[in-house]
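Thank you all for coming.

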Amino acid sequence: MSTPLRVDEVKRHKWWGWGLDDVTFNWRNKPGFQPLAKEKIGLDLFEMEEPTEPLLTDFEVPASRLSAAQREALVAVLGEDNLRDDDEFRVVHSFGRSLPDLFRARHGDFTRIVDAVVYPGTEEDVAAVLRLALEQDLVLIPYGGGSNISGSVTPDAAEQRPTLSLNMGRMREVLEIDDTSGLARVQAGAYGPDLEEQLSALGWTMGHFPDSFTYSTLGGWAATRSTGMQSDKYGDIEQIVRGLRMVHPDGTVVTKAVPGRDSGPSVHEMILGSEGRLGIITEATVQVHRIAPVRQVIAYMYPDWEHGIRGMHAIARSEVKPTFTRLSDGPETRFSLALVKEPTSTKSKVMAKVQDGLFAYLRSRGWDTTEEMCISYVCFEGTKERVERDQAQVKKIVAKNGGITLGAGPGAVYDQKKFDTPYLRDFLLNYQVFGDVCETGGSWSDLNEIHATVYQNYYAARARAGGPGFMFCHMSHTYHGGACLYFTFAFPYTSEETALEEYQDAKNAVQQTFVDLGSPVSHHHAVGIEHRPWITQDIGEVGARMVRGLFADNDPGRNLNPGKIIEP
């Protein structure tokens with residue numbers, strides 16, 4: 001094992017938004033974006049001043065509640081270099097990247113922030129910090145990449161005890177690969193890019209690529225039951241993680257990396273999705289796969305959502321085993337096309353003319369190329385022969401369901417830009433516009449009803465609020481019995497004082513629809529505090545009592561990330 005990273009080498013977000021300071025969303029090179037923003041949410045960018053970034057020095061950051069003796073005890077365990085209690089580090093670690101978190105951060109709502117950030121370098125460090133937290137009655141919140149959008153790393157505003165953020169970013173090594181079994185032991189603090197870089201150097205991949213890939217960690221994925229966009233082939237994180245190590249108040253829990261489990265109720269499953277409430281995940285043994293010799297993303301177009309869903313269902317039930325399948329509905333397709341950059345090179349200008357010709361042809365066939373047509377992407381991996389065979393079969397399925405094949409060009413662009421979307425939320429917030437997501441799972445029989453009802457209830461909520469709104473959706477993460485529906489919505493808020501109330505009204509409309517239609521509160525974005533209001537409806541009164549009992553028995557002092565998932 002190499003020496004753990006220094007604190008200044010651990011990746012972190014800017015304090016007020018997503019990712020790096022020098023990466024932003026640029027609307028000026030996307031000629032379709034401004035007209036759509038003006039039409040749907042009344043945002044006239046040409047008439048608005050360029051916003052400036054917020055400055056932390058404009059706000060008062062409350063002093064740390066950590067006593068001198070407690071700080072000294074932590075330094076004795078970790079060393080001075082591995083404890084940070086300066087303002088920016090504390091603010092960064094007090095907010096995930098949920099929309100309420102981002103809004104509060106950029107408006108200086110620092111009512112309760114963590115009191116120090118600690119950086120363990122080993123599992124023994126983690127255990128020592130946990131022992132100290134229990135002895136001193138401190139609150140401990142595990143922190144991976146800080147990308148969570150459900151409030152899973154946000155301290156409780158009412159918590160009076162000193163609160164520590166336990167940043168796992170120094171523990172990021174691939175420790176061992178079992179070539180025969182296709183299993184890798186990996187430290188929990190490994191960020192997605194670091195993990196894949198270490199694996200790919202040896203010809204392997206884990207294949208887990210959530211939207212937050214660049215700013216999320218293996219431990220965070222396991223603790224929140226993450227799903228990556230390539231789950232059709234590689235599985236959700238619960239299929240990928242085969243074994244775990246977790247530091248618990250009473251010792252270290254180890255779950256074996258075995259193919260099957262028949263040892264009563266699964267401790268392994270209890271840890272997955274526990275969001276730090278049972279302990280701190282320090283290591284995972286994960287399935288890895290040899291990197292495929294050929295990988296290609298092909299784009300398709302359907303005349304409308306109904307045809308697209310039938311096509312996706314047929315692909316899921318076929319012999320084809322794609323890496324991922326995705327279908328954007330009409331509004332999302334229009335939004336995606338609005339993000340296309342203005343053609344400047346000869347090649348891009350030719351492609352733009354080809355697209356114009358294609359749309360003219362589709363309109364001649366009776367397609368609604370503005371509101372109804374739906375773009376789809378399917379990723380193929382394997383040998384050249386396997387990829388060609390699967391592509392030929394999917395092409396037939398698409399055609400049988402009224403669609404056409406667009407080819408590899410649009411698919412390659414999508415694949416290159418797939419991690420850029422989070423920066424758009426920061427851009428919209430600069431102009432007093434909320435942009436957020438809600439996702440759920442549903443059976444193939446229920447997907448169309450969920451899709452239609454969520455739209456209906458969201459726009460009804462916006463009508464009650466008396467303001468504009470925009471929503472779009474895509475289907476992804478297909479299974480034998482169903483798929484995930486991922487909704488994105490945006491609207492301008494009217495005032496800073498009522499902004500979060502307006503946001504909650506819109507989100508309530510969507511989340512309550514999920515529950516009313518028998519769908520889960522979330523498919524892969526965790527519970528945290530943002531989805532907590534619906535958890536009892538989701539799992540039932542008896543289920544809620546069982547979960548409360550699990551947390552109360554393992555953490556009676558409520559020192560481990562209290563308040564997440566379910567209230568006492």
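This is a predicted model: local features need pLDDT of at least 70, side-chain atom pairs count only at pLDDT 80 or more; totals for chains, interfaces and linings use all residues.

Let me begin with a question: does Arg172 count as buried or exposed, judged by its relative accessibility? Arg172 counts as buried, because its relative accessibility is 15%, where buried means under 20% relative accessible area, exposed means over 50%, and partly exposed lies in between, with a 1.4 Å probe and protein chains only.

Residues are numbered from 1 along each chain as its sequence is written, and side-chain values use heavy atoms, with hydrogens and water left out.

Arg172 forms a salt bridge with Glu173, and the closest N and O atoms are 2.0 Å apart; by salt bridge I mean a side-chain nitrogen of Lys or Arg within 4 Å of a carboxyl oxygen of Asp or Glu. Glu173 also counts as buried, at 12% relative accessibility. Elsewhere, salt bridges that share partners join Glu39, Lys40, Arg334 and Glu371 into one network, and a search of the whole structure finds 28 salt bridges.

Another of these pairs is Arg28 with Glu50, whose closest N and O atoms are 2.9 Å apart. This pair links distant parts of the chain, 22 residues apart, with Arg28 in the segment before helix H1 (33-41) and Glu50 in the loop between H1 and helix H2 (68-78); helices here are DSSP runs of H or I with at least four residues, numbered from the N terminus. Arg28 counts as exposed at 52% relative accessibility, whereas Glu50, at 47%, is partly exposed.

Let me turn to the helix packing. Helix H4 (residues 99-106) and helix H18 (residues 499-516) pack at an angle of about 175°, with their axes 11 Å apart, the axes being lines fitted to C-alpha atoms over the stretch in contact and the angles running from 0 to 180 degrees between N-to-C directions. H4 and H18 are therefore roughly antiparallel to each other, a term used for angles over 145 degrees, with under 35 counted as roughly parallel, 65 to 115 as roughly perpendicular and the rest as oblique. The contact, meaning heavy atoms within 4.5 Å, is made by Leu99, Pro100, Phe103 and Arg104 of H4 together with Ala499, Leu500 and Tyr503 of H18.

Key: Helices (H or I, at least four residues) and strands (E, at least two) are DSSP runs, numbered from the N terminus.
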